[in-house]
Amino acid sequence: MPRPLILALTLFAADARAQGMELLLTEEVGGPYTQDWSAVYLTDTGAAHEIYVKGDGKLGDFFGVLRLDCATPRFSRWLALGGYLDADDVPVEAVRAVRARYC
């Protein structure tokens with residue numbers, strides 16, 4: 001991922017947190033350790049919504065913008081990714097929570 005995109009995601013994460021990130025899921029990862037998954041609504045693109053998703057905890061950090069297609073879920077996709085974790089590390093339960101909250 002290009003360095004400017006990572007920097008932009010990091011700066012946006014700080015701003016998104018200040019603007020009302022909603023905790024969607026706390027994932028137990030063993031012992032006293034957890035991974036929190038949060039989101040904040042960005043924009044409506046007409047056919048879909050753009051949601052900023054953040055993961056933080058024992059597994060590492062994750063930042064991503066999800067284009068959420070409520071009518072046809074298979075058309076949902078990640079527009080931007082950053083952090084230590086990648087899209088495959090986002091638990092299905094977190095994506096379901098995003099869909100339940102924003103669709």
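This is a predicted model: local features need pLDDT of at least 70, side-chain atom pairs count only at pLDDT 80 or more; totals for chains, interfaces and linings use all residues.
1. Residues are numbered from 1 along each chain as its sequence is written, and side-chain values use heavy atoms, with hydrogens and water left out.

2. Which residues does phenylalanine 62 contact, leaving aside its neighbours within four places in sequence? They are Trp37, Val53, Lys54, Gly55, Trp78, Leu81, Gly82, Leu85, Asp86, Ala87 and Val90. Contact here means heavy atoms within 4.5 Å.

3. Now for the rings. The structure holds three aromatic pairs. Rings of Phe, Tyr and Trp (its six-membered ring) pair if their centres lie within 6.5 Å; planes under 30 degrees apart count as stacked, over 60 as edge-to-face and the rest as tilted. Phenylalanine 62 and tryptophan 78 make an edge-to-face pair, because their planes stand at 80°, with the ring centres 5.3 Å apart. This pair links distant parts of the chain, 16 residues apart: phenylalanine 62 is in strand E4 (residues 62-68) and tryptophan 78 in strand E5 (residues 77-83). Helices (H or I, at least four residues) and strands (E, at least two) are DSSP runs, numbered from the N terminus. Tryptophan 78 is partly exposed, with a relative accessible area of 23%. Together, Trp37, Phe62 and Trp78 form one aromatic cluster.

4. Next, the core. The largest nonpolar core has twelve residues: Trp37, Ala39, Ile51, Val53, Phe62, Leu66, Leu68, Leu85, Val90, Ala94, Val98 and Tyr102. Such a core is a set of buried Ala, Val, Leu, Ile, Met, Phe, Trp, Tyr and Cys residues joined through side-chain atoms within 4.5 Å. Strand E2 (34-44), strand E3 (49-57), E4 and helix H2 (92-102) each give two or more residues to this core. Another core, of six residues, lies apart from it and includes Met21, Val40, Phe63 and Ala80.

5. Alanine 80 deserves a brief stop. It sits in strand E5 and counts as buried, at 13% relative accessibility. Alanine 80 and leucine 66 are 14 residues apart in sequence, and 7.5 Å apart in space from C-alpha to C-alpha.

6. How do the strands pair? Strand E1 (residues 22-28) and E2 are antiparallel, with six bridges; two strands pair if DSSP finds at least two bridges between them. E1 and E2 form a hairpin with five residues between them, and glycine 30 in the turn has a positive phi of about 115°. E2 and E3 also run antiparallel, joined by nine bridges. They form a hairpin with four residues between them, where glycine 46 in the turn has a positive phi of about 100°.

7. Finally, look at H2. Its buried residues are Ala94, Ala97, Val98 and Tyr102. They lie on the same side of H2, because they cover an arc of only 105° around the axis; the arc is that of the directions from the helix axis to the C-beta atoms. On the other side of H2, Arg96 and Ala100 are exposed. E1, E2, E3 and E4 are among what covers the buried residues of H2.

Technical notes:
Buried means under 20% relative accessible area, exposed over 50%, partly exposed in between (1.4 Å probe, protein chains only).
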